[in-house]
Amino acid sequence: KGGGRSGYAASVGGPVYGAANTADWPGSGGGCDSGNVSGGSGGGLIQIVASGAVTVQGTIAANGAAGSSESGGGSGGGIHIVCDSLVGAGTLSANGGAASSWGGSGGGGRIFFDYQSASAWSGALQAGYGIPINTSASHDLGTVWFPDGKLPRNAGTTWYGRVCNVSSSSIPMFDLNGGYVRFENPPLQITVVSNLSLRSGALLELPTNTTAAVTVNVGGDLILSNGTLSVTATLTNGAPDYGAFIGVTGPVYISSNSFIYPYSHPTNGGSVFFRIGGLTVAAFGRLDADYKGFAGGRYGRPSSGNFTGWGPGGTTANGTCSGGAGFGGRGGDGTGGTPPGGVIYGSSNAPADPGSGAGCNNSPPDSPNGGGLVRIDATGGRIRVDGTITANGQTYSGDRTGGASGGGIFLMCS
């Protein structure tokens, strides 16, 4: 997003422009409020065309500048590199500028590569947004484009950005240290031969686009040490009976202050399936599917009107109130017994469904989501939980709307 946000509350961040498959624009400047202040300048544009190798042991930077005194940060610029091979352990950076006071942070820029080989590259790639003041603002990561649709051999380090064109890739290891990476375009199939590690505040998001499946296979361990993994499932028609698959030959370690978030498809219920060698959830670690199941009735529908919550146990609304959604137990009725609560569905001895959403009335703007599904097959391994595994349904904070149903927790182990 060019220019970030500036001002208070009503000011809107700049739009996305340019294209991920090239970086031919500089970043944009942040807006300024009244007074003798200015928004941060956008990052510049660096274009390199080399017939041989490009070696980076230092830094190539096109960062946006920070805003000052209520102004917005500048967006990250562009880095466009065409070469035979990319070599080194340096840093390529097109980050947005930080926010100030009430201003918004600058969005990330764009990094584009057209190379024949990056087997000797192990450096950092950064197209992050600037440090925000308002954490609810709509700043976003910039883009990183790899020419062959595959990750470099030494993936991870401190990466920030939306990876836009990787669909199938096999790499020796993935070690994300303090970065934030989002894979944008499914279907996505990634094989990590040894360990996948997320540490020092790292966040890895597997596609938030729910139109195609995600498959990740890890030949070693999945290690979260102050790290977060978010996986979004696509829809399923029953074969297979899941919408995303995470396979780990070794155990999964979720340390203190680390999180895994499995999101079910909001209208179809396709969910994430973990087949792993074992699981340890340390104290203050979480495998958290709260509110990540079937959506409430408003999802994907007009902003006014009475709508039934998504899912088999979703409830209707009659303009006055709605019932509570059902799943393992029947949902509660609305006032006077109408509308009735949601029905029981699914299996008690193999709960492979998420919870259902509650219906919405014309007056409330939204309605609660059902709890998601935590489904783990660690047959032959051990599951130890000193932290939390949770799949709670959402409670509506206003009136006239029932609660969503809790989700499913399905654990298999020795």
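A salt bridge here is a side-chain nitrogen of Lys or Arg within 4 Å of a carboxyl oxygen of Asp or Glu. The model is predicted, so local features need pLDDT of at least 70, side-chain atom pairs count only at pLDDT 80 or more, and totals for chains, interfaces and linings use all residues. Residues are numbered from 1 along each chain as its sequence is written, and side-chain values use heavy atoms, with hydrogens and water left out.

**Figure 1. The pair R286 and D288.** The side chains of R286 and D288 meet in a salt bridge, with 3.3 Å from N to O. R286 is partly exposed, at 26% relative accessible area, while D288 is buried, at 8%. (Buried means under 20% relative accessible area, exposed over 50%, and partly exposed in between, with a 1.4 Å probe and protein chains only.)

**Figure 2. R182 and its partner D140.** Here the closest N and O atoms of the salt bridge between R182 and D140 are 2.9 Å apart. R182 lies in strand β15 (residues 180–183) and D140 in the loop between β9 (124–126) and β10 (143–145), so the pair ties together parts that are 42 residues apart in sequence. R182 counts as buried at 9% relative accessibility, and D140 as partly exposed at 23%. Strands (E, at least two residues) and helices (H or I, at least four) are DSSP runs, numbered from the N terminus.

**Figure 3. R182 again, now with E184.** R182 also forms a salt bridge with E184, at 3.6 Å from N to O. E184 is buried, with a relative accessible area of 19%.

Figure 4. How many salt bridges does the rule give? The count comes to twelve. The protein has 18 positive and 20 negative side chains, and the centres of the two sets lie 4 Å apart. Lys and Arg count as positive and Asp and Glu as negative, with His and the chain ends not counted; each charge is placed at NZ of Lys, CZ of Arg, CG of Asp or CD of Glu.

**Figure 5. The setting of these close-ups.** The protein has zero helices and 29 strands. Its C-alpha atoms fill a box of roughly 70 × 60 × 35 Å along the principal axes. Buried residues make up 52% of the 414 residues. Among contacts (heavy atoms within 4.5 Å) between residues at least 6 apart in sequence, 65% join residues at least 24 apart.
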